[in-house]
Amino acid sequence: MMMIRLVTEHPLAAGLLALLLLTLPTLMAISMPSSQSGGIAMVLTLPFQAITPLPIFVISLKRGLQSGLIAALILTAGTLLLSQELSFSLMVFFLLAAFPLMASWMLHRGWNFTQSASPGFFLGLLILTIALIVSANTPLDVETTLNTSLTAIQERFVTMAQSQGADAKTILEHQQSLEQVFHLLAFLFPAMLVSGWFLLQLANLSLTRTAFARWSNHTMPDEKFADYKVPFFMVWPVIAFGLIMLLTEDPWYRFGANISLFLAIPYFFQGWAIMQKVFQRFKISAFWRNVFYLFIFWSSKVALIVVLIGFFDTWLNVRNHLEITGEGEKPSGR
């Protein structure tokens, strides 16, 4: 409780905790006596790094935007001292602190969860656009590292297959399959990376709302997820970048594909909200709901169907039809 009170009341403590969460995997790896144990410790502490924005979220909501900004500056200054690289510390600020400050300010002003999440989405869209423009001429460092790792995995697979006596035809077939998967992964890597960042920010925002409601007497604006709907104007960028992807070649083809993938995120949540409304309408049990949710995250095809449901709901208004159908039914006992 003392730690919680410090983080929620003092921007210095919040900033230092954010810095600790960010650097914890590296600190654990350095402190371990062997490289193997250091690697294991780094992997085990990575989830703590994912909640780096959480202290900034919490202090901004509890003490105001000024306190949140102080905590964010402490995080930025700490990374500058440790890395001795201004570009890295600025990247930490924009990737880990900018959205918590904007979202907390909006929640303070009475905006709901969805509205407060929108700055993070548009910030992610800006980051993705810049990354794609830069990587069109020179691959990003993370892309180079990824390609090197994928090539090493492919070579390791061939070596293992040969050592186990696999014939050349089988090895070639599996190698071609791996190449297709790795090519797709490298092709969509920018969108996947930024999408992961945005979803982590959403998770931190959700955790903050839950923690804030529990630790303080303030109530946050409420909303029903089943009613979530993407603004109509968002369909035009999706259509435009989809056409760019279909009608052009690299680098515009890759640009359109990555932007389209990122723009699909809101429609995934809209499709999910529609399914939740369907479950409520037909009183589907919690067990079958959870089974369906597992299928969403297990199968990319099911996830794509959910995205398409959300996208075409822009015109179909499925939930309105469900409500009309529900109102037309006779209550039990009549």
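This is a predicted model: local features need pLDDT of at least 70, side-chain atom pairs count only at pLDDT 80 or more; totals for chains, interfaces and linings use all residues.
**Salt bridges**

Side chains of opposite charge can pair when their charged atoms come close. In this model the count of salt bridges comes to five. Three of these pairs are set out below.

| Lys62 | Glu9 | 3.0 Å |

Lys62 forms a salt bridge with Glu9. This pair links distant parts of the chain, with Lys62 in helix α4 (residues 54-63) and Glu9 in helix α1 (residues 2-9), 53 residues apart.

Lys62 counts as partly exposed because its relative accessibility is 26%. Glu9, with a relative accessible area of 26%, is likewise partly exposed. Arg63 has a relative accessible area of 46% and is therefore partly exposed. Through salt bridges that share partners, Glu9, Lys62 and Arg63 are joined into one network.

**Aromatic pairs**

A pair of aromatic rings is described by the distance of the centres and the angle of the planes. A search of the whole structure finds 26 aromatic pairs. In one of them, the ring centres of Phe198 and Phe262 are 6.1 Å apart and the planes stand at 65 degrees, so the pair is edge-to-face. The pair connects distant parts of the chain: Phe198 lies in helix α10 (residues 189-215) and Phe262 in helix α12 (residues 252-281), 64 residues apart. Phe198 and Phe262 are both buried.

Trp252 and Phe255 also form an edge-to-face pair, at 5.6 Å centre to centre and with 75 degrees between the planes. Because Trp252 and Phe255 are three residues apart in helix α12, about one helical turn separates them. The two residues fall on opposite sides of the accessibility cut-offs, which are under 20% for buried and over 50% for exposed. Trp252 counts as exposed because its relative accessibility is 51%, whereas Phe255, with a relative accessible area of 13%, is buried.

Ring pairs also build a cluster, whose members are Phe225, Phe268, Phe269, Trp272, Phe279, Phe292, Tyr293 and Phe297.

An aromatic ring is involved in another arrangement as well: the charged end of Arg281 sits over the ring of Phe282, 5.1 Å from the ring centre.

Phe182 is located in helix α9 (residues 168-187). Phe182 counts as buried because its relative accessibility is 14%, the cut-off being under 20%. When residues up to four places away in sequence are not counted, Phe182 touches Leu150, Ile153 and Gln154. Between Phe182 and Phe233 there is a separation of 51 residues in sequence and of 34 Å in space, C-alpha to C-alpha.

Conventions: Residues are numbered from 1 along each chain as its sequence is written. Side-chain values use heavy atoms; hydrogens and water are left out. Helices (H or I, at least four residues) and strands (E, at least two) are DSSP runs, numbered from the N terminus. Buried means under 20% relative accessible area, exposed over 50%, partly exposed in between (1.4 Å probe, protein chains only). Contact means heavy atoms within 4.5 Å. A salt bridge is a side-chain nitrogen of Lys or Arg within 4 Å of a carboxyl oxygen of Asp or Glu. Rings of Phe, Tyr and Trp (its six-membered ring) pair if their centres lie within 6.5 Å; planes under 30 degrees apart count as stacked, over 60 as edge-to-face and the rest as tilted. A charge sits over a ring if NZ of Lys or CZ of Arg is within 6 Å of the ring centre and within 35 degrees of the ring normal.
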